[in-house]
Amino acid sequence: MKITVCIGSSCHLKGSRQVVEQLQYQINQHNLKESVELGGTFCMGKCQQGVCVTVDDKFFSVTPETVSEFFKTEILEKLT
Amino acid sequence: MNNLCTDIGWKSINHAGEQLCGDHVDIVEQDENSTVIVLADGLGSGVKASILSTLTSKIISTMMASGLSIEDCVKTIAATLPICSERGVAYSTFTIIHLINNETAELIQYDNPMAILIRDGKNYDYPKTEMHIDGKKIFRSSVKLQENDVFVAMSDGCPHAGIGIGYNFGWQRDDIIIFMEALANAGYTSKTLSTYLVDEVNKLYGEQPGDDATACVVKIRRREPMNILFGPPSNRNDCDRMMSLFFSKEGKHIICGGTTSTIAAKYLRRPLRASIEYEKSDVPPIAKLEGVDLVTEGVITVNKVLSYAEDYLSGNELYEEWSFRKDGASLICQLLFEEATDINFYVGRAMNPAHQNPDLPINFSIKMKLVEELSRCLKQMGKRIKVSYF
């Protein structure tokens, strides 16, 4: 599974750093380093919906507030 | 003609309790390759000294740059300087470094500590000729320039540092030579070298300088072109033209901006890999693209670079942040401030629809302003700047 987070200007200002750090933390907590790859990308062209995140090419709009919920429903549950 | 150029930087500290500095550095560019640098130290400290040194350095630099002889300069100063009512003399010492065609340096020194020349990391004792003008003993030297030559001119506040505190006779010229030999070829800019020297002086004074102290460093270096791409072109069809112009230029290549680097990646047919390593910094991470020396995010990063540039030109206090960190803004600073001498900006004027959101602190006019301000700062650092818009 590959998660990609936009680190472009717009998403950066909307908190992509916190999103990345949260995801890194969660992945470590759940020992998912083997099955989840976390990466960055520049602008996905959907800045209005930032922070832009894709999981295996499926698009999500995430914020620092919703990131743990997103991780639970879209990553953890899909993996088990 | 050769491909050498000069990097000039200086820093002063004031006598404790004074708001004005009695030392003054004046730099006049005679033409593209010739420069006159004057460091003058006015008698005493405070307002009087400041006026004396400002007049002296301004008069000499202007006259020398117009091709007048040193004899004329000295006579003019003697006839013009206001006479101190307490001491009955008009007096300001000076060091002149006249760089001619980036090939020769002519040094003319009157009563300041002898300028130091460090060549290949070692002190180089250049020959001096003594001459007398109006009863003043003036030393004159002519030195053929070599790459990596570092000249250090200073006011007597430097070797007097620490008198009676740390040293009996102050921080002597020989000690300063040893200090500078260690730093001269470590890749620092002149501004940073002068900062290191003056900061050390300040430390030796116990941060209560007993005199104004100034160091002016002139470094002879090879020209180093650098190219920086910022923003996509306003007309989509211009992408290829902009990219081919940018990549055909000699020197390193920096790309700022997410969309811009995506366009470049398409042009180069190479993958663009954004990193998610956040260094100790508030700017977004950098990316990797084969064939490009540095890829960063755009507006936020460049804004940070601008604030570092403004600091560099004033107190140079954030130096230790940007010169060692690995975030996008710091890396750009290292390339532009330390490495580059000739910088070509390729600026795209495309409007990014995502940036027009009123909630965001970035928009098109800010981006154009950033380029203007940054190129103004870089020019002030003595770099040659060319900006092309697309």
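# Exercises on a predicted two-chain model

Buried residues make up 39% of the 80 residues in chain A. The model is predicted. The predictor gives the complex an ipTM of 0.79 and a pTM of 0.80. For chain B, the mean pLDDT is 89, and 95% of the residues reach 70 or more.

## Exercise 1: Fold of chain A

*Solution.* 
- Step 1. From the N terminus on, they run β-α-α-β-β-β-α.
- Step 2. Check the extents. The C-alpha trace spans about 30 × 20 × 20 Å along its principal axes.
- Step 3. Look at contact range. Take the contacts in chain A between residues at least 6 apart in sequence: 70% of them join residues at least 24 apart.

## Exercise 2: Val67(A)

Is Val67(A) buried or exposed? Which residues does Val67(A) touch beyond four places in sequence?

*Solution.* 
- Step 1. Locate the residue. Val67(A) is in helix H3 of chain A, residues 67-79.
- Step 2. Count neighbours. Val67(A) has 22 C-beta neighbours inside 10 Å. The cut-off for buried is 20 or more. Val67(A) therefore counts as buried.
- Step 3. List the contacts. Leaving out residues up to four places away, Val67(A) touches Val19(A), Gln22(A), Leu23(A) and Val62(A).
- Step 4. Take one pair further. Leu23(A) is 44 residues from Val67(A) along the chain, yet their C-alpha atoms are separated by 7.6 Å.

## Exercise 3: Where chain A meets chain B

How many residues of each chain are in contact, and which elements of chain A give two or more of them?

*Solution.* 
- Step 1. Count both sides. In chain A, 17 residues are in contact with 20 residues of chain B.
- Step 2. Assign elements. Helix H1 (9-13), helix H2 (16-29) and strand E2 (37-41) of chain A each give two or more residues to this side.
- Step 3. Sort by class. The chain A side has eight nonpolar, eight polar and one charged residues.

## Exercise 4: Strand E5 of chain B

Why is strand E5 of chain B described as largely enclosed? Which strands pair with E5(B)?

*Solution.* 
- Step 1. Check burial. E5(B) covers residues 104-110, and five of its seven residues are buried, so the rest of the structure largely encloses E5(B).
- Step 2. Take one partner. Strand E4 (residues 92-100) of chain B pairs with E5(B) in the antiparallel sense over seven bridges. Ile97(B) has Leu107(B) in E5(B) as its bridge partner.
- Step 3. Inspect the hairpin. Three residues lie between E4(B) and E5(B), and Asn101(B) takes a positive phi near 55°.
- Step 4. Take the other partner. Strand E9 (residues 136-144) of chain B pairs with E5(B), also antiparallel, over six bridges. Here Glu106(B) stands opposite Ser142(B) in E9(B).

## Exercise 5: Helix H7 of chain B

*Solution.* 
- Step 1. Note burial. Buried residues in H7(B) include Val299(B), Ile300(B), Val305(B), Tyr308(B) and Tyr312(B).

Note on methods:
Residues numbered from 1 in each chain as written. Chains lettered and ligands numbered in written order. Predicted model: local features only at pLDDT ≥ 70, side-chain atom pairs only at ≥ 80, totals over all residues. Contact = placed C-beta atoms within 7 Å. Helix = DSSP H or I, 4+ residues; strand = E, 2+ residues; numbered from the N terminus. Nonpolar A, V, L, I, M, F, W, Y, C, P; charged D, E, K, R; others polar. Buried ≥ 20, exposed ≤ 12 C-beta atoms within 10 Å, placed from the backbone. pLDDT = per-residue confidence, 0-100. Pairing = 2+ DSSP bridges.
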